[in-house]
Amino acid sequence: MGSRIPEETIEQIQKSNDILDVVGEYVQLKKQGRNYFGLCPFHNENTPSFSVSGDKQIFRCFGCGKGGNVFSFLMEVEGFTFIETVKNLADRVGIELPELSSFNQNDKVSKEKEIMKDGHSLIARLYHHCLTNTDYGQKAKEYLYNRGFTDEMIEHFQIGYAPDSWEFVSSFLQKRNYSLPMMQEAGLVGKREFDGKFFDRFRDRIMFPIWDTQGKNIAFGGRILGDGEPKYLNSPETKIFNKGKILYGYHLARPAMRKEDKVILFEGYVDVIAAWKADITNGVATLGTSLTQDQAKLLSRNVSTVIICYDSDNAGITAAFRATELLEKENCNVKIAQMPQGLDPDDYIQKHGGDRFKQDVIGASLTVMAFKMQFMRRGKNLQDEGERMRYIEEILHEIAKLPKAVERDHYLRQIAEEFNLSLDAVKQQQYQAFLSIKRKKDNDGRNRENNHKKYIGQSSRLLPAFHNAERILLAHMLKDVSLAEKVEELLGGAFNIEEYSAIAAYLYAFYAEGHSPDIGLFLERVDDQRLKQVVTELAMLTINEDISDQELYDYVNQIKKYPKLIQIQEKEKDKKRAEREQNMVEAAQIAMEIVELKRALKVNNRS
């Protein structure tokens, strides 16, 4: 925990940010009992094992073992430093942090990222002002109006204009004391090699701000007004912008995505904006690249259905197939909207209107299998017997990959009916294709280990009595100050498991400072990440509300006697060794020591 921020401020920030709200922006949560469950954002899984407790303000994944409080979650899912996390959560709830007005050397990277984002935000406002309120942007504004853009669209997406100047932005930044070398690193300006002067990266372009998942400006996309290449120019990748992890319009679309449990995936930001005009507010786009696994994960955390709406040319179809594979790996239900040849979504909406786009394109989306069946017909003469048979074999191979029997049966009947084939024959050939795929998969599996290794929590197996006693005691101690004080008096730090002993020490100190039980706040006192995970595991245990004095003493005795049991085991080994060596005197002496140890155990048990 940083020394600059008072502990009471950290506590205020944590209590002001409900973990269910924060996690809910990344994971679809459904209530089960007292807790909420969803698919873990930290590892691939098909069955939800990621649990969030609103009462305790903690999360835990029973699959990979990760756990913690709202700070831990945001640091893990976004890769933030602790200071970045505190600032992010403070911003969410309007808590000011004057302590962060100056950064030390350890926060240099965080400070640079913040300055880069501030620079982008400033220039985004400047570009928007140039488009909407100056003569510079008149030509660009007319172009947008001619393309069907409205003032409402321009305002909602903060569209701007970069004047045709080599130093408009660089001079503006310099006058406001921004470091131009840092702004070059951020992608806002370039630097000439022959004289070392800085110049504007974007010139005479309509500017589309690009935001991170939190809505912070991190990059731009610029469309050239006249002739020239490239037609679209994106910011370069920087410390704050990784285009493979960002989706255009994500923070704007997220509320509608989560409400509808569905997202429309486009190829470009102009399509997202045009769709928004057609009242499709759950659209996002990749940024000039194919969909990545990171982007697929981002979508799967928020929705169960993804409708891909790419161009209908070969490149668009190929990209749609690749995106489908990635999204299905993330257990998304994928559908594909078919665009008429030669039209992109923006063109279609301009030509036919938003209502027809919603009804005839998005509303008529095909399942992936139906889309494949249409695609595989292209270029084939199905009147020719050879090509017809090849098409049927290709389709049966694809049907064999479908996981659900009902789906397979549906498409097999469709093929049999269309080509007047025996359903039994079609099913038999599909089964042969299935066996072929399975053999290949089995062979691949022998050659490499590609299964996620599940975290085996201690609760997933039968534990020794002392181990179980230590877990249950600590779980109660996390909820009850007076019980923790009793355990401190009876046992102190004499837990046999090193991690539990460390957690007990942290807990004694936490309560000694006058704190009440608060798992989220306590986790901020625990420095070690592994211990944080153990604490969240213990906090998630299902235990009785109360513990009797007799139970307490029984658990303490189990813990205390374990070292003696180990000592007895060691003595037994020594006795056997002495007997093997025919040293009867030593064996007899050890036997007496064993008797004394066992007698002491009985006395402790009675007490």
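**Strands, helices and single residues**

Student: In the hairpin of strand 1 and strand 2, which residue takes a positive phi?
Tutor: Two residues sit between these strands. Strands here are DSSP runs (E, at least two residues) and helices are too (H or I, at least four), numbered from the N terminus. With a positive phi near 70°, the residue is Gly-33.

Student: What kind of model is this?
Tutor: Residues are numbered from 1 along each chain as its sequence is written, and side-chain values use heavy atoms, leaving out hydrogens and water. Local features need pLDDT of at least 70, side-chain atom pairs count only at pLDDT 80 or more, and totals for chains, interfaces and linings use all residues; the model is predicted.

Student: How many bridges join strand 2 to strand 3?
Tutor: Strands pair if DSSP finds at least two bridges between them. Strand 2 (residues 35–38) also runs antiparallel to strand 1 (residues 30–32), with three bridges. Strand 3 (residues 50–53) is antiparallel to strand 2, and the number of bridges is three.

Student: Which are the edge strands of the open sheet of five strands?
Tutor: The order is 13-12-14-15-16, with mixed pairing. Each edge strand pairs on one side only. They are strand 13 (283–285) and strand 16 (366–367).

Student: What angle does helix 11 make with strand 13?
Tutor: Helix 11 (residues 269–277) packs on the sheet, touching strand 12 and strand 13. A contact means heavy atoms within 4.5 Å. Axes are lines fitted to C-alpha atoms, for helices over the stretch in contact, and angles run from 0 to 180 degrees between N-to-C directions. The angle is about 170°.

Student: In strand 14, which residue is the bridge partner of Lys-262?
Tutor: Strand 12 (residues 262–266) and strand 14 (residues 305–309) run parallel. Five bridges join them. The partner of Lys-262 is Thr-305.

Student: Is Ala-162 buried or exposed?
Tutor: Ala-162 is in strand 6 (residues 160–162). It touches several residues, including Tyr-127, Phe-202 and Met-207. Buried means under 20% relative accessible area, exposed over 50%, partly exposed in between (1.4 Å probe, protein chains only). The value for Ala-162 is 0%, so the residue is buried.

Student: How does Gln-12 count?
Tutor: Gln-12 lies in helix 1 (residues 7–16). Ile-95 is 83 residues away in sequence and 8.7 Å away in space, C-alpha to C-alpha. At 43% relative accessibility, Gln-12 counts as partly exposed.

Student: Which residue's backbone oxygen does the side chain of Arg-60 reach?
Tutor: Arg-60 lies in strand 4 (residues 58–61). It counts as buried, at 2% relative accessibility. At 3.3 Å, its side chain reaches the backbone oxygen of Gly-65.

Student: How are helix 16 and helix 17 directed relative to each other?
Tutor: Their axes come within 10 Å and cross at roughly 160°. Angles under 35 degrees count as roughly parallel, over 145 as roughly antiparallel, 65 to 115 as roughly perpendicular and the rest as oblique. So helix 16 and helix 17 are roughly antiparallel.

Key. Polar contact = N/O pair within 3.5 Å; in protein donor to acceptor, adjacent residues only side chain to side chain. Lists of a residue's contacts leave out its neighbours within four places in sequence.
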